[in-house]
Amino acid sequence: MNSISFNGVSVRVAVDTGDAPKTLLHRFSLELTERRIGVIGANGSGKSTFLRLFNGLVAPTEGTVVVHGRSTDSDVRRVRANVGFVFTDPLSQLVMPTGREDVELSLRRSVRNPKERTARAEAVLDRFGLLRVADQSIYELSGGERQLLALAAVLAVNPGVLVLDEPSTLLDLRNRELLRRTISGLDQQVIMSTHDLDLVLDMDRVLVVEDGRMVFDGGAAEAVAHYRALCAGAASELPLERWSR
Amino acid sequence: MRGHGFLLAQYVPGNSLIHRTPLWLKFLVVAACGTASFLIVDWAVSLAVFGVMAGLFLLSGAGFKRLLGSLWMVTPILLAIGLFQWWQLGGPTAARIVLNVLVCVVAASVLTATTPVQELLDGVVSISKPFRRFGADPERFALTIAVMLRSIPFIAGAFADVRDSARARGLERNPRALVLPVFITTVAYARQTGDALAARGLGEADDATLGQRRE
């Protein structure tokens with residue numbers, strides 16, 4: 001059952017000032033069955049909150065999220081075992097000092113035998129072309145290598161779904177291209193938020209998020225056109241004359 | 001963010017006698033050094049134990065530079081403690097206290113410099129297995145050690161970055177400009193690490209404690 005469904009989901013958070021709760025995502029329902037799904041929207045529009053619903057990092061205030069037949073509310077552990085999540089900054093995700101150790105950490109619960117674990121970690125690193133830097137400090141790796149390593153560490157346990165939160169933001173053009181090719185070769189169902197509109201064009205379906213609302217849901221080219229129109233409209237309202245001198 | 005500052009020496013591959021020593025014995029030596037730091041009352045004995053531990057570190061082939069590197073990180077704190085103790089309790093007591101802390105740091109460095117992290121974590125899991133009957137998860141003990149090993153260089157790196165930023169703005173003498181950003185960065189890092197661990201299904205709590213509704 002390779003479907004992810006959101007039924008009447010909304011997310012609200014309490015605010016410190018004692019005012020009414022702030023709505024991060026307004027009520028929406030979705031059924032996602034495509035293999036490649038893109039999410040675009042301005043900064044602060046609710047993309048990350050939306051992505052965090054997929055593996056229960058954020059719980060809906062109302063409604064339910066069901067990933068491949070399992071609810072993120074009642075079965076969160078199994079959902080997380082099936083949903084890999086890659087963050088924008090790989091350094092916030094990599095726990096161990098070196099790549100080899102980090103991939104081995106991912107495998108600790110599933111592979112008990114240390115030698116077998118090391119062999120499996122090496123195979124994963126080799127698949128991503130990272131074996132030559134396996135024992136280097138994660139701080140000595142390039143941005144692209146770090147992001148690929150974060151991806152490798154997540155994919156080591158072979159999840160069914162991969163969620164990527166703006167994975168190309170910190171990458172240069174070459175590494176972005178490398179990431180793009182890597183993602184396109186994956187078997188997993190991929191959900192990715194990004195500001196890279198070229199990357200979005202590879203997607204089967206794209207959602208546009210604006211002020212916590214799903215304002216567009218459709219094909220990649222139409223979604224990008226819709227988003228460009230939204231941004232152009234918002235930009236025209238900015239008081240640019242102040243800077244024109 | 002920099003991440004090179006590290007209190008304990010990182011693993012150095014090798015085949016020295018210390019590398020080949022069973023993990024339980026290395027754990028025992030570290031535990032013994034920790035216990036001895038409370039029992040030793042003579043600074044000369046502390047100095048001798050420090051000499052032995054430093055000798056073991058060098059015997060491992062990890063090198064004098066790494067030894068100095070692991071001691072360098074604690075020097076400012078030990079200097080402050082040493083001066084205060086000297087003022088309060090006199091020179092011999094101050095020397096004993098400072099040397100005992102150095103013994104513990106070097107002993108832990110001998111362990112980390114000669115043991116691959118995964119082997120160390122497997123050892124922690126083995127040692128903590130008896131606690132399973134009380135509901136503890138040995139893998140969580142190992143994860144705690146892993147996160148600790150990761151966090152120390154991160155916080156040291158955050159301090160270096162904040163110090164450089166403060167210098168660039170001419171605020172290097174303002175303690176608030178140094179301490180507050182490091183504190184905020186560290187809290188943010190702790191939250192990010194928690195999210196990352198949860199997202200990877202590491203250190204997962206029972207289902208009942210997760211997925212609390214937000215509002």
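Because the model is predicted, local features are described at pLDDT of at least 70 and side-chain atom pairs count only at pLDDT 80 or more, while totals for chains, interfaces and linings use all residues. Residues are numbered from 1 along each chain as its sequence is written, and chains are lettered from A and ligands numbered from 1 in the order in which they are written.

## Chain A as a whole

Chain A has 8 helices and 10 strands, where helices (H or I, at least four residues) and strands (E, at least two) are DSSP runs numbered from the N terminus. The radius of gyration of chain A is 19 Å, close to the 18 Å that the globule rule gives for 245 residues, so chain A is as compact as a globular protein of that length; the radius is taken over C-alpha atoms, and the rule is 2.2 Å times the number of residues to the power 0.38. Along the principal axes, the C-alpha atoms of chain A fill a box of roughly 60 × 50 × 40 Å.

Of the 245 residues in chain A, 45% are buried; a residue is buried if 20 or more other C-beta atoms, placed from the backbone, lie within 10 Å of its own, exposed if 12 or fewer, and partly exposed in between. Among the contacts in chain A with a separation of 6 or more, 65% are between residues 24 or more positions apart, a contact being a pair of residues whose C-beta atoms, placed from the backbone, lie within 7 Å.

## The two sheets of chain A

An open sheet of 4 strands in chain A has the order 2-1-4-5, with antiparallel pairing; two strands pair if DSSP finds at least two bridges between them. Strand 2 (22-32) and strand 5 of chain A are the edge strands, each pairing on one side only. Strand 1 (residues 4-13) and strand 2 of chain A run antiparallel and are joined by 7 bridges, and A:Val9 has A:Phe28 in strand 2 as its bridge partner.

Another open sheet of chain A is formed by 6 strands in the order 6-7-8-3-9-10, with mixed pairing. Strand 6 (83-86) and strand 10 of chain A stand at the edges with a single partner strand each, so one side of each is left without a neighbour in the sheet. The twist averages 15 degrees from one strand to the next, with axes fitted to C-alpha atoms, for helices over the stretch in contact, and angles running from 0 to 180 degrees between N-to-C directions. Strand 9 and strand 10 of chain A pair in the antiparallel sense over 5 bridges, and the bridge partner of A:Val208 in strand 10 is A:Phe216. Helix 5 (residues 143-155) of chain A lies across strand 6 and strand 7 (161-165), and runs at about 165 degrees to strand 6.

## Selected loop residues

Most residues other than glycine have a negative phi.

A:Thr98 is found in the loop between strand 6 and helix 3 (99-107) of chain A, and A:Thr98 counts as buried because 22 C-beta neighbours lie inside 10 Å. Leaving aside neighbours within four places in sequence, A:Thr98 is in contact with A:Ala134, A:Asp135, A:Gln136, A:Ser137 and A:Ile138. A:Thr98 and A:Val76 are 22 residues apart in sequence, and their C-alpha atoms are 29 Å apart in space.

The secondary structure of chain B comes to 9 helices and 0 strands. Chain B is divided into domain 1 (1-115) and domain 2 (117-204), with bounds that come from an automatic or database domain assignment, and the C-alpha centres of the two domains lie 21 Å apart. Of the 215 residues of chain B, 27% count as buried, and 75% of the contacts in chain B between residues at least 6 apart in sequence join residues at least 24 apart.

Between the chains, 30 residues of chain B are in contact with 35 residues of chain A. On the side of chain B that touches chain A, the elements giving two or more residues are helix 7 (117-128), helix 8 (138-168) and helix 9 (175-199) of chain B, and helix 9 gives the most, with 6 residues. By class, this side of chain B has 10 nonpolar, 9 polar and 11 charged residues, where Ala, Val, Leu, Ile, Met, Phe, Trp, Tyr, Cys and Pro count as nonpolar, Asp, Glu, Lys and Arg as charged, and the others, Gly among them, as polar.

How values were computed. Contact = placed C-beta atoms within 7 Å.
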